[in-house]
Amino acid sequence: MPAKKKFLLSASILSANFACLADQIRESEVAGVDWLHIDVMDGHFVPNISMGPFIVETCRKISTLPLDVHLMIEAPERHIESFAKAGANWISIHIENNNNVHRTLQEIRSLGCKPGVVLNPGTPAAHIASVIDIVDLILVMTVNPGFSGQKFIPKMINKIAEVKEMIKTANSQALLQVDGGITAENLPEVYRAGAQVIVSASSIYQHPQGIASGIKALRSAV
Ligand code: DX5
Ligand code: ZN
């Protein structure tokens, strides 16, 4: 975490205008986002279908920012190599859908990427206890995954604090990320609970005054 920054901002391109994706990404980069968050959905693990390795490859060509790939797919172990090859820096998988999550996280690291584990709103924090020492990122979902533009679930504040405590107790260096429904209004509370990496799609790409204003509003919220 850079000393001056209170939190890292990972811009989810799910709400970007894909007709001019390169411009939107450049604008976010100039306005100071730290990472690009790429939401991969397969229509099985979540009800929506979004993007695959090709988009990651495209982002890699457009930007030098770290690419934070969030896999919301069945059998993620089948696809991690393609995402690593496409240029992903971080690859996060859900704890819910993989019986071999420990092995998959190790494989992500062996492919040269940083492994992350994700908790859905309905999954207790304790479920990640046995992988906390092998991940670089823990993502607490603050909406049910599948779509951008959903409402933040306030009860997740307690879970963010609980995961923060688990990270401390484990003496882990893993970053705590939150994703879903983040706005300039709820960000202070999310930050106080311990979040270090904030994902946002709509508050950036759907901001009525444009991308730079959205980023500025989030940055100045804390
Ligand atoms: C939800 C995705 C999120 C989503 C966030 O399934 O994982 O990354 O794009 O969108 P907002 O910030 O609009 O809730
Ligand atoms: Zn996401």
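## V131 and its surroundings

Which residues does V131 touch, not counting residues up to four places away in sequence? In this predicted model, V131 touches I95, V101, H102, L105 and V117 once those sequence neighbours are set aside. V131 itself sits in the loop between β5 (residues 114–119) and β6 (residues 137–141), and with a relative accessibility of 2% it counts as buried, because the cut-off for that class is under 20%.

One of the residues touched by V131 is V117, and for this pair the C-alpha atoms are 8.2 Å apart in space, while 14 residues separate the two in sequence.

## The zinc site

The zinc ion (ligand 2) is held by four residues, namely H37 through NE2, D39 through OD, H70 through ND1 and D179 through OD, at distances of 2.1 to 2.3 Å. Along the sequence these donor residues follow the spacing H-x1-D-x30-H-x108-D. H37 belongs to strand β2 (residues 35–41) and H70 to strand β3 (residues 67–72), so this pair ties together parts that lie 33 residues apart in sequence. Both of these histidines, H37 and H70, are buried.

Six donor atoms surround the zinc ion (ligand 2), and the angles they subtend run from 71 to 168 degrees, which makes the arrangement octahedral. That assignment follows because six donors count as octahedral when opposite donors are over 155 degrees apart and all others lie between 65 and 115 degrees. For comparison, ideal angles for six octahedral donors are 90 or 180 degrees.

## The surroundings of ligand 1

Ligand 1 is surrounded by 20 residues, of which the closest are D39, G146, D179, G181 and S202. Among these, D39 and D179 are also residues that coordinate the zinc ion (ligand 2).

The phi angle of A75 is near 45 degrees, a positive value in a residue other than glycine, and A75 is buried, with a relative accessible area of 15%.

E77 also has its place in the loop between β3 and α3, but at 36% relative accessibility E77 counts as partly exposed. Leaving aside neighbours within four places in sequence, E77 is in contact with N98 and T104. The C-alpha atoms of E77 and I108 are 8.7 Å apart in space, although the two residues are 31 residues apart in sequence.

Technical notes:
Residues are numbered from 1 along each chain as its sequence is written. Chains are lettered from A and ligands numbered from 1 in the order in which they are written. This is a predicted model: local features need pLDDT of at least 70, side-chain atom pairs count only at pLDDT 80 or more; totals for chains, interfaces and linings use all residues. Side-chain values use heavy atoms; hydrogens and water are left out. Donors are N, O and S atoms within 2.8 Å of the metal (3.2 Å for Na, K and Ca); water is not among the atoms, so sites may look incomplete. Four donors count as tetrahedral if all angles lie between 85 and 135 degrees; four count as square planar and six as octahedral if opposite donors are over 155 degrees apart and all others between 65 and 115; anything else is irregular. Helices (H or I, at least four residues) and strands (E, at least two) are DSSP runs, numbered from the N terminus. Buried means under 20% relative accessible area, exposed over 50%, partly exposed in between (1.4 Å probe, protein chains only). A residue is near a molecule or strand if one of its heavy atoms lies within 4 Å of it. Contact means heavy atoms within 4.5 Å.
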